[in-house]
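Colleague: Take me through the labels on this model. I want each one set against its cut-off.

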Amino acid sequence: MKPRQRRILPGYSLTLGYTMAVMSLMLFLPLAALILRATSLGPKEFIAAVWTERARAAYTLTIGTSFAAAIIDTIVGLLLAWVLVRYEFPGKRICDSLIDLPFALPTAVAGLVYSNLYVEKGWFGRYLVPLGFQGAYSQTAIVLVLAFIGLPFVVRTVQPVLESLDADIEEAAESLGATRWQTFWRVLIPSLQPALITGFALTFARGLGEYGSVVFVSGNMPFKTEIAAVLVVSRLEEFAYAEATAIALVLLAGSFVMLAAINGLEWWSRRYAA
Amino acid sequence: MQPKPTTHQTAVRRGPPTEPLWVQRFLIGAAVLVLVVLIVVPVLNIFAYALQDGVAAYFKHLTGDPDTWHAIKLTLFVAPIAVVLNVLFGIAAAWLLTRFSFPGRTLLTSLIDLPFAVSPVVAGLMLVLLFGAKGWFGPYLQASNIKIIFATPGLVLATMFVTLPFVARELIPVMQAIGPDEELAAISLGANGWQMFWRVTLPNIKWGLLYGIILCNGRAMGEFGAVYVVSGHIAGQTDTMPLRVEKLFQDFNLPASFAVASLLTLLSLVTVALKVILENWKDENVSE
Amino acid sequence: MRPLSTTWFPATLLPLLAIVAGCDFGAGKPMSGERGATPTSFELLNVSYDPTRELWRDLNAAFIADYKAQKQIDVTIKQSHGGSASQARAIIDGLEADVATLSLWPDTDALRKQGLLKEGWEEKLPNQSLPYTSTVVFLVRTGNPKGVKDWADLAKPGIAVITPNPKTSGNGRLSFLAAWGSITLKGGSEDEAREFVRKVYGNVAVLDTGARGATTTFSMKGIGDVFLTMESEAQMTLKESPGKFEIIYPPQSILHEPHLAVVDRVVDKKGTREVAVDYMKFLYTPAGQEIIAKHFFRPIDKDVLAKHHDVFPDVKLFTITDIVANWDEAQGKFFAENGVFDALYRPAKSENRE
């Protein structure tokens with residue numbers, strides 16, 4: 001697969017120049033500005049800015065809710081992928097198309113409608129709130145909306161793998177006396193594992209950075225429902241630019257690590273599959 | 001095209017699922033329930049609120065308010081520009097990363113994904129640090145009276161940043177799968193670069209490209225976080241549709257807010273529909 | 001191939017730059033008549049805080065008509081609304097506001113610190129640049145089912161309070177200071193005040209980032225028993241949904257002083273100083289004061305205020321300097337990182353570490 005014929009094809013300098021130019025303007029330059037502004041603080045102040053109790057609570061919340069949403073999406077996503085690949089039922093095509101909607105729906109609209117649904121007077125809230133289920137302005141609300149936004153990731157990574165699975169393995173397992181349940185756990189899950197993990201990681205990474213929807217549903221209470229991205233904005237409003245950029249840098253480092261992990265996973269699963 | 005699954009598999013088709021019928025029904029029911037609760041009801045909720053005063057009022061909310069109308073036009077202006085720029089970038093990046101090997105290629109491939117992971121707020125903040133009055137280029141921009149932040153170019157840049165990876169991400173696997181052979185043949189037969197691109201590369205990647213454009217456009221129209229930071233919220237000037245949703249909501253104008261939200265929802269439904277149509281079309285064309 | 005490509009490289013950047021730079025002209029025609037010799041039309045940008053949208057809509061329409069009639073000059077006024085501090089930040093970052101009509105003094109003064117306003121900006125317009133004032137009141141649901149009458153009631157268990165975040169909202173900061181002052185001005189100690197606000201903010205159900213967000217939370221989403229808000233905002237909510245809410249005036253509250261400022265650096269650059277100053281001065285005219293009163297802000301004109309006495313009951317109002325030396329001190333003591341407000345929200349286990 002590696003193109004060895006380096007310079008036979010045209011456009012190397014052109015595309016290299018253009019790609020690098022755009023990436024410099026859009027990515028490297030902004031990143032450099034962010035890093036320099038944040039490091040203008042000096043190590044001590046930097047730590048003081050990013051490691052306050054309030055910031056720690058925000059990181060914990062951000063990671064915790066993203067993690068919970070990713071777990072939910074992994075389970076639900078596997079269910080959806082399974083049903084869509086294996087079963088026939090009326091309306092299947094529509095269901096399949098609907099999965100992509102969270103990708104396309106503006107996150108602010110998602111936040112608006114979710115908070116509208118789960119408040120005491122909302123369509124769901126009027127039944128759920130009396131039962132003690134606070135689906136708006138709570139940590140549950142953040143998990144719910146993040147689960148909505150991340151839903152397509154797991155489904156769309158698991159679906160193709162499930163489709164390409166060889167039915168023979170399952171048949172073999174069953175002819176050897178395995179129950180359906182054993183086949184599922186011992187045969188199917190291991191082969192789906194790389195895809196599930198990738199989907200999980202993508203959902204998780206998406207959740208870490210989400211702002212538009214969360215700001216509508218969370219209530220933004222420090223120590224309770226204030227996520228890290230909201231903290232950045234709130235520090236900005238105090239004119240604390242350097243401190244805000246420092247927290248932004250921590251967020252960015254977090255997403256970078258996630259990204260590296262996802263790429264690593266993909267590489268690993270490709271090797272695994274080969 | 002990508003190697004199809006081995007023939008015996010497609011011929012035999014998968015044997016009937018072996019779960020008992022009640023398990024199947026239960027799983028289908030659970031899946032549909034999830035979709036209804038997470039996706040269908042929220043969408044219905046938007047339209048129910050948008051149309052609560054009737055259809056006439058609905059259209060009046062969208063076209064009668066000049067600020068809302070301007071926000072719609074602005075979004076429909078900004079998103080396509082960001083998409084066009086990202087298409088240029090996506091093609092260039094995919095060509096570079098799949099047709100040449102050079103030091104740092106893997107790193108560059110991962111870096112392209114970075115905007116996916118960067119919180120949109122942080123993206124907006126970075127643009128302010130660069131182009132804001134106190135930013136790196138601020139003094140120069142002010143001296144030459146060029147407005148970027150709090151004006152349309154800032155909105156374009158913010159939107160472009162957030163959607164940067166979409167086209168490239170779609171094209172890279174496609175071009176990797178196709179391989180360089182056809183292009184090499186074209187060149188060795190004497191085609192120049194542009195001929196090769198228009199006659200060989202583009203026809204091969206057109207599905208991936210269209211797919212990328214649709215996804216990119218869907219995301220571009222709905223961007224909130226990054227645009228929120230760089231917009232300045234000037235009514236009738238730098239408010240995009242998602243920002244207008246928030247503003248109308250806060251103006252106690254719930255029906256109008258949901259009307260704009262429903263328009264955005266409609267656009268995303270169109271995005272999803274286009275994607276499905278494209279997939280069907282592609283399946284037909286490829287299987288022929 | 002190589003020499004060709006290298007010459008191509010800068011050329012390929014051009015479309016990108018051209019489009020990015022060019023779409024400013026494609027999008028709209030914002031900068032009209034800025035540099036003409038004798039402009040007959042001006043465009044002003046008024047950057048203001050959240051709950052004044054309706055007020056400025058009416059004031060702008062009246063001023064534009066008035067100015068056209070008197071001076072034959074067309075004025076277009078663009079409005080930007082948002083949280084007071086975030087609006088100040090946007091102006092500092094380059095949002096070209098001709099006039100800044102922000103909620104709190106420190107937000108406007110931040111512009112001076114960045115060199116956008118000249119020293120002594122408060123003296124430039126009449127009455128310390130204050131054409132109107134307001135105060136913090138309680139908005140409750142009809143019949144006041146929880147019996148909220150005074151600040152002390154907010155700390156009682158089982159009361160759900162709505163107020164915006166003092167870190168990000170001017171209204172939030174004022175409400176906090178009003179609660180604080182309700183203790184210290186009655187002779188309570190700082191520790192008592194601290195304990196009191198801890199209880200009040202312990203009762204807060206949703207801490208929105210902006211004043212308007214908080215209003216929608218309380219009025220449209222139906223969350224909370226009592227909403228700490230500006231008198232004007234409370235009155236407007238009553239008007240929007242009649243019969244659902246009522247206003248409770250606490251025995252004493254804080255005076256809200258939203259200053260006006262003509263942004264020196266911007267008007268000098270754009271050449272809009274004269275019209276911007278006229279625009280601001282319009283607020284002090286009887287017509288302007290009348291519009292202000294109609295939107296439930298307390299006009300400074302004694303006659304207009306007297307005329308609307310039924311909507312503006314007498315409340316004992318204290319100013320920020322009654323509880324701290326000045327705004328800068330309040331900002332540092334209460335709202336800065338690790339200030340009094342942050343300490344309130346610390347989880348229980350670290351409470352006594354302070």
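Colleague: What share of the 274 residues of chain A counts as buried, and what makes a residue buried?

Modeller: The share is 52% of the 274 residues of chain A. A residue is buried if 20 or more other C-beta atoms lie within 10 Å of its own, exposed if 12 or fewer, and partly exposed in between, with C-beta atoms placed from the backbone. This is a predicted model: local features need pLDDT of at least 70, side-chain atom pairs count only at pLDDT 80 or more, and totals for chains, interfaces and linings use all residues. Residues are numbered from 1 along each chain as its sequence is written, and chains are lettered from A and ligands numbered from 1 in the order in which they are written.

Colleague: How many helices and strands are there in chain A?

Modeller: Chain A has 13 helices and zero strands. Both are DSSP runs, numbered from the N terminus: helices are H or I with at least four residues, strands E with at least two. The C-alpha atoms of chain A fill a box of roughly 70 × 70 × 30 Å along the principal axes.

Colleague: Why are α8(A) and α10(A) called roughly antiparallel?

Modeller: The axes of α8 (residues 139–164) and α10 (residues 180–209) of chain A come within 8 Å and cross at roughly 160°. Axes are lines fitted to C-alpha atoms, for helices over the stretch in contact, and angles run from 0 to 180 degrees between N-to-C directions. Angles over 145 degrees count as roughly antiparallel, under 35 as roughly parallel, 65 to 115 as roughly perpendicular, the rest as oblique. So α8(A) is roughly antiparallel to α10(A).

Colleague: Which residues meet there, and of what class?

Modeller: Among them, F153(A) and V154(A) in α8(A), and F200(A) and L202(A) in α10(A). Contact means C-beta atoms, placed from the backbone, within 7 Å. By class, the contact of α8(A) with α10(A) has 12 nonpolar, six polar and one charged residues. Ala, Val, Leu, Ile, Met, Phe, Trp, Tyr, Cys and Pro count as nonpolar, Asp, Glu, Lys and Arg as charged, and the others, Gly among them, as polar.

Colleague: How many residues of chain A are in contact with chain B?

Modeller: 76 residues of chain A are in contact with 72 residues of chain B. Helix α1 (residues 12–39) of chain A gives the most to that side of chain A, with 15 residues. The side divides into 54 nonpolar, 13 polar and nine charged.

Colleague: What does the contact take from chain C and chain B?

Modeller: 26 residues from chain C and 30 residues from chain B. α1(C) gives the most to the side of chain C that touches chain B, with seven residues.

Note on methods. Contact = placed C-beta atoms within 7 Å.
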